Amino acid sequence: MASPMSASRFLERLRAEGATVVEVGDWEHHNRNHVGPWGPVHGVMIHHTVTKGSAHTVELCRKGYEGLPGPLCHGVITKDGRVHLVGYGRANHAGLGDDDVLRAVIAESALPADNEANTDGNRHFYGFECENLGDGQDPWPAAQLEAIERVSAAVCRHHGWTERSVIGHLEWQPGKVDPRGFTMASMRARIRERLS
């Protein structure tokens, strides 16, 4: 059981891992904590945005849209590898997912198939949205993949987690396909190498 790190510690950890961080507005206090708890935290979740254009993507993830208020993640990783912090605390990114998957993340064991949506993921996961159309054709630049690796490792390092605490949205919630264009197995291998 892990308490979320403070916003200042989060920023410090990302920068210590070598991530290029952009602070967006009053990100430290922009959250959805009034609708439910934030924590205990158990892992990191990676998403793609299905958007194009960095400025538009960051703004959307910060403000949200009709029916889903922002922030939609903690950090937005744009194509150039920059990590734009848009919120901190509970964020609308994970939604309901599989309790068996959560138990596997906590145990850092092999993930079961996600076949239920019965557990609040917004409470338990740090979330990073990555600028990509999610069509399997839009490229993932090396700088962007490296940034995903760095932010994931930063959070894992702080909490003493392994790469098994990093999952994709598609591994959490039935019907989700993100991130599309690279495998979470390959990303976890990169994170494992960075943490070693």
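## Ground rules

The model is predicted, so local features need pLDDT of at least 70 and side-chain atom pairs count only at pLDDT 80 or more, while totals for chains, interfaces and linings use all residues. Residues are numbered from 1 along each chain as its sequence is written, and side-chain values use heavy atoms, with hydrogens and water left out.

## The nonpolar cores

Let's start inside. The largest nonpolar core has 35 residues, and F10, I46, Y126 and I148 have the most contacts inside it. A nonpolar core here is a set of buried Ala, Val, Leu, Ile, Met, Phe, Trp, Tyr and Cys residues joined through side-chain atoms within 4.5 Å. Buried means under 20% relative accessible area, exposed means over 50%, and partly exposed is in between (1.4 Å probe, protein chains only). Two or more residues of this core come from each of α1 (7-16), β2 (43-48), β6 (82-85), β9 (125-130), α5 (142-159) and α6 (184-195). The top contributor is α5, with 8 residues. Helices (H or I, at least four residues) and strands (E, at least two) are DSSP runs, numbered from the N terminus.

Leaving out residues up to four places away in sequence, F10 touches M5, W27, H74, L85, Y88, Y126, F128 and V155. Contact, here and below, means heavy atoms within 4.5 Å. Another core lies apart from the largest one; it has 8 residues, including M45, A94, L102 and V105.

Two packed helices are described by the angle between their axes and the distance between the axes. Axes are lines fitted to C-alpha atoms, for helices over the stretch in contact, and angles run from 0 to 180 degrees between N-to-C directions. Take α1 and α5: their axes come within 8 Å and cross at roughly 120 degrees, so the two helices are oblique to each other. For the labels, angles under 35 degrees count as roughly parallel, over 145 as roughly antiparallel, 65 to 115 as roughly perpendicular and the rest as oblique. The crossing of α1 and α5 is right-handed; that label applies if the near helix is turned clockwise from the far one by less than a right angle, and anticlockwise gives left-handed. On the α1 side the contact uses R9, F10, R13 and L14, and on the α5 side V151, A154, V155, R157 and H158. By class, this contact has 5 nonpolar, 1 polar and 3 charged residues. Ala, Val, Leu, Ile, Met, Phe, Trp, Tyr, Cys and Pro count as nonpolar, Asp, Glu, Lys and Arg as charged, and the others, Gly among them, as polar.

Now for α5 and α6: the axes come within 9 Å and cross at roughly 55 degrees, which makes this pair oblique as well. Their crossing is right-handed. From α5, L145, E146, I148, E149, R150, S152, A153, C156 and R157 meet M187, R190, I191, R194 and L195 of α6. The residues of this contact divide into 7 nonpolar, 1 polar and 6 charged.

Most residues other than glycine have a negative phi, and most peptide bonds are trans.

As for positive phi, V50 has a value near 60 degrees and lies in the loop between β2 and α2 (54-63). V50 counts as exposed, at 53% relative accessibility. E108 has a positive phi of about 55 degrees and is found in the loop between α3 (99-107) and β8 (119-120). With a relative accessible area of 22%, E108 is partly exposed.

H47 sits in strand β2 and is buried, with a relative accessible area of 1%. Not counting residues up to four places away in sequence, H47 touches H93, A94, F128, E129, C130, H169, D178 and P179. H47 and G127 are 80 residues apart in sequence and 7.6 Å apart in space, C-alpha to C-alpha.

T78 is in the loop between β5 (75-77) and β6, and T78 is buried at 0% relative accessible area. With residues up to four places away in sequence left out, T78 touches S54, V58, H84, E131 and Q144.
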